[in-house]
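Trainee: Please show me how to read a model like this one, feature by feature.

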Amino acid sequence: MKNLFSIVNLLALWHCANGHGRLISPTTRNGHTGYEDDPVPNLSSTQFICRNANSAASTAATAGQPLALRWRFGAAHVGDCSVYISYDSGAVADMKFFKIANLPDCRSQNNEDVDITLPSWLPAGTATMRWDWPALHVYPRVEFYSQCSTLEISSSASSLPSDVTMYDVRDVYPESGNAGVGYRNPFNPSSEQFMTGPACAAGVAGNNCELTAAGTTGNTLEVGGSTGGGGGGGESTGGGGGDGSSVAPGEPTSLCQIVTVEAGDTLASIANDFTAKGYPTTWQEICEYNGIVDCDNIEVGETYVIPNSCGNDEVGLGDKVGVLVGAVAVVGVGVMAAVGWKVKQGMSGSAGGGKAGKGGKAFNFKMQEMI
């Protein structure tokens, strides 16, 4: 463990393998469950609508019945997921959707089957189900993830109700926590922890639709079509949210100590080092606090928050409250300015000390803010 810097400017943090997450069921348009886990380039990208063009893979579904979803997060960032439907079959950029479900705190159901109920009024035919995940771990910035799946829907209905509002999904999300209605601040648990997005279509009951209903803090589009302040890059439905430029590049939002894994590191050696520097912790606490799924395997170059180092009574391990790791990304550059970063380089590390068990070699990116 070499030098500890209070501020490290322009530290590159491009995405690492086996991090972030994706929808894996129903079968997505790419036809496999392999790695497609990085965030989309930005909110205005057509990849935010659907990552892939249409495919032959499809899943049978029935209107009015449950549909099981499963997502896999390698880095289970704080945030909420949503589900949309479209019957458009043309170019991705031209697709219009309506919402049918909210999935709050979706990382809490990581790699589990989660049922939503399809509206009974969905017409029969081929439809696109769209899942998205605005991840808030770099608040007030947002990382956007999305996947689309093709459904073959059985139903007695032949057309959509006339009051279903359809829209470009890029128009109904703010670009950042400081744009439009914004997003909840997961690092301030005393603030309102609302969900952001449009209302569900045609008064869909259930599926947690009350969380973004008209009149809620995070509602961006009422069923009738008036917007509450989206963001995006498509044609605006009104009241766009801007680009979050009020956030100064390099302005940290917390003062936590952060370690970047170096060759030979173990969670035990990291814990010992920071304990000696006045931040008493154990490897078990680091593992739990960061949501590391496999504590035997940590990867060189990955970053972890040190528990009990944030100088905030409301933010700590006991509250299961994650903190933004002392960094705000510089938009479009992919670099970070950080407070309390420990910059390290190397080839491998380990978890608890030694070479086996909790001392296995560094391998997997597993950073998870505990909110």
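Trainee: Where does Asp 105 lie?

Mentor: Asp 105 is in the loop between β6 and β7. Those labels are for strands (DSSP runs of E, at least two residues; helices are runs of H or I, at least four; numbering starts from the N terminus). Before we go on, bear in mind that this is a predicted model, where local features need pLDDT of at least 70 and side-chain atom pairs count only at pLDDT 80 or more, while totals for chains, interfaces and linings use all residues. Residues are numbered from 1 along each chain as its sequence is written, and side-chain values use heavy atoms, leaving out hydrogens and water.

Trainee: What is the phi of Asp 105?

Mentor: The general idea first: most residues other than glycine have a negative phi, and most peptide bonds are trans. Asp 105 has a positive phi, near 45 degrees, and is not a glycine. Asp 105 also counts as partly exposed because its relative accessible area is 27% (buried is under 20%, exposed over 50%, partly exposed in between, with a 1.4 Å probe and protein chains only).

Trainee: Which way does the phi of Asn 208 go, positive or negative?

Mentor: Positive, at about 60 degrees, and Asn 208 is not a glycine either. You'll find Asn 208 in the loop between β9 and β10 (258–260). With 33% relative accessibility, Asn 208 is partly exposed.

Trainee: What does Val 40 touch?

Mentor: Beyond residues up to four places away, Val 40 touches Gln 47, Phe 48, Arg 51, Phe 144 and Ser 146. Val 40 lies in the loop between β2 (21–25) and α1 (46–49), and it counts as buried because its relative accessibility is 6%. From Val 40 to Arg 51, 11 residues along the chain, the C-alpha separation is 7.9 Å.

Trainee: Now the sheet: what is the order of its five strands?

Mentor: The open sheet runs β3-β9-β8-β5-β6, with mixed pairing (strands pair if DSSP finds at least two bridges between them). At the edges are β3 (59–62) and β6 (98–103), each pairing on one side only. From one strand to the next the twist averages 35 degrees (axes are lines fitted to C-alpha atoms, and angles run from 0 to 180 degrees between N-to-C directions). Look at β3 beside β9 (residues 143–154): they pair in the parallel sense over four bridges. Thr 62 stands opposite Ser 154 of β9.

Trainee: Which residues of helix α2 are buried?

Mentor: An α-helix has 3.6 residues a turn, so residues three or four places apart point the same way. In α2 (residues 267–276), the buried ones are Leu 267, Ala 268, Ile 270, Ala 271, Asp 273 and Phe 274. After α2 comes Gly 278, with a positive phi near 100 degrees.

Trainee: How many cavities of 30 Å³ or more are there?

Mentor: Rolling a probe the size of a water molecule over the atoms shows where empty space is left. The search here finds two (a cavity is a set of points on a 1 Å grid where a 1.4 Å probe fits but cannot get out; lining residues have an atom within 4 Å of a point). The largest holds about 70 Å³, and its lining includes Asp 80, Tyr 173, Arg 184 and Met 195.

Methods: Contact means heavy atoms within 4.5 Å. On a 1 Å grid over the protein atoms alone, a cavity is a set of points where a 1.4 Å probe fits but cannot get out, and a pocket is an open set with protein on both sides within 12 Å along at least five of seven lines; lining residues have an atom within 4 Å of a point. Grid points are joined across faces, edges and corners, and a volume is the space filled by probe spheres set on the points.
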